[in-house]
Amino acid sequence: QTNMNVNEVINHVGAKINPDVKIHPNDDVNKSQSSNDIFPSAMNIAAVKEIIPLMEALRGLIDTFRTKEDEYKYVVKLGRTHLQDATPITFGQEISGWRSSLEHDLRNIKALIPHLYELALGGTAVGTGLNSPPAFDKVVCKYLDNAYGLPFCPAPNKFQALTSHAPFNLMHSAIKALAADLVKIGNDIRFLASGPRGGYGEISIPENEPGS
């Protein structure tokens, strides 16, 4: 239903752009396509468009931690295990742990994103490509490459691409691991900045607003 609704919208937009060109939502807009290959492909494209900015933001945070790691490499502080006093550690070493965690997360995401570049387009209803001309998938992927500047490509096996959500599940796991690391880092900073009178008070975070 959603696929046909989109086809109708594209049909109406096309008619407004050039009323002299007759476009049919089924025979033209939906030509050589099926909701079975369009939906997985659209999901992949949408996911990649969100993940790319996430990776850029993650690189920025890693660079910031690397700078702070060097800035505080000679600042010795108390180490802790389970909030109990332990052997000394430099603040730079502590930050290096945060930085390394995020680097691992970024590597995991980078390793998995190529699977999302593989599109089911051209598989049509069941993966055989029936009613789709030869090289249709390659031509469409080339258009997508030009539109988004990303290396989308035809999935090597359309039967798998139409039916498996493994790429999403794997990417979800990687992003969930990143989220867990970010929560852990945030909690570390929160503990170290607690106080100033009754907490650790080892670091000072600029006030966000009066009373913060």
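I take a residue as buried when its relative accessible area is under 20%. The model I am reading is a predicted one.

**Entry 1: aromatic rings**

I began with phenylalanine 91 and tryptophan 98, and I recorded both as buried. I then asked how many aromatic pairs the structure holds. I found 6 aromatic pairs. A pair of aromatic rings is described by the distance of the centres and the angle of the planes. I also noted that Phe91 and Trp98 belong to one aromatic cluster with Phe65 and Tyr72.

**Entry 2: charges over rings**

I next looked up arginines placed over rings. Arginine 80 lies over the face of tyrosine 200, and I noted 4.1 Å from the ring centre. Arginine 190 has its charged end over the ring of phenylalanine 191, at 5.7 Å from the centre of that ring.

**Entry 3: helix H7**

I turned to helix H7, which covers residues 166-192 and has 27 residues. From its first C-alpha to its last, H7 reaches 39 Å, close to the 39 Å expected at 1.5 Å a residue. Which residues of H7 are buried? I listed Pro167, Met171, Ala174, Leu178, Ile185, Asp188 and Leu192. I then looked up what these buried residues pack against, and I found helix H3 (35-71), strand E1 (76-81) and helix H4 (91-117).

**Entry 4: glutamate 103**

In helix H4 I examined glutamate 103. Is glutamate 103 buried or exposed? Its relative accessibility is 18%, and because the limit for buried is under 20%, I counted glutamate 103 as buried. I then listed what glutamate 103 touches, leaving out residues up to four places away in sequence, and I found Ile62 and Arg66. With arginine 66 there is also a polar contact, side chain to side chain, at 2.6 Å.

**Entry 5: the two strands**

Last, I returned to strand E1, which pairs with strand E2 (residues 84-90). The pairing is antiparallel and runs over 5 bridges. E1 and E2 form a hairpin, with 2 residues between the strands. In the turn I noted histidine 82, which has a positive phi of about 55°.

Note on methods
Residues numbered from 1 in each chain as written. Predicted model: local features only at pLDDT ≥ 70, side-chain atom pairs only at ≥ 80, totals over all residues. Heavy atoms only, no water. Phe/Tyr/Trp six-rings, centres within 6.5 Å; stacked < 30°, edge-to-face > 60°. Buried < 20%, exposed > 50% of the residue type's maximum accessible area, 1.4 Å probe, protein only. Lys NZ or Arg CZ within 6 Å of the ring centre and 35° of its normal. Helix = DSSP H or I, 4+ residues; strand = E, 2+ residues; numbered from the N terminus. Expected span 1.5 Å × (residues − 1). Contact = heavy atoms within 4.5 Å. Polar contact = N/O pair within 3.5 Å; in protein donor to acceptor, adjacent residues only side chain to side chain. Pairing = 2+ DSSP bridges.
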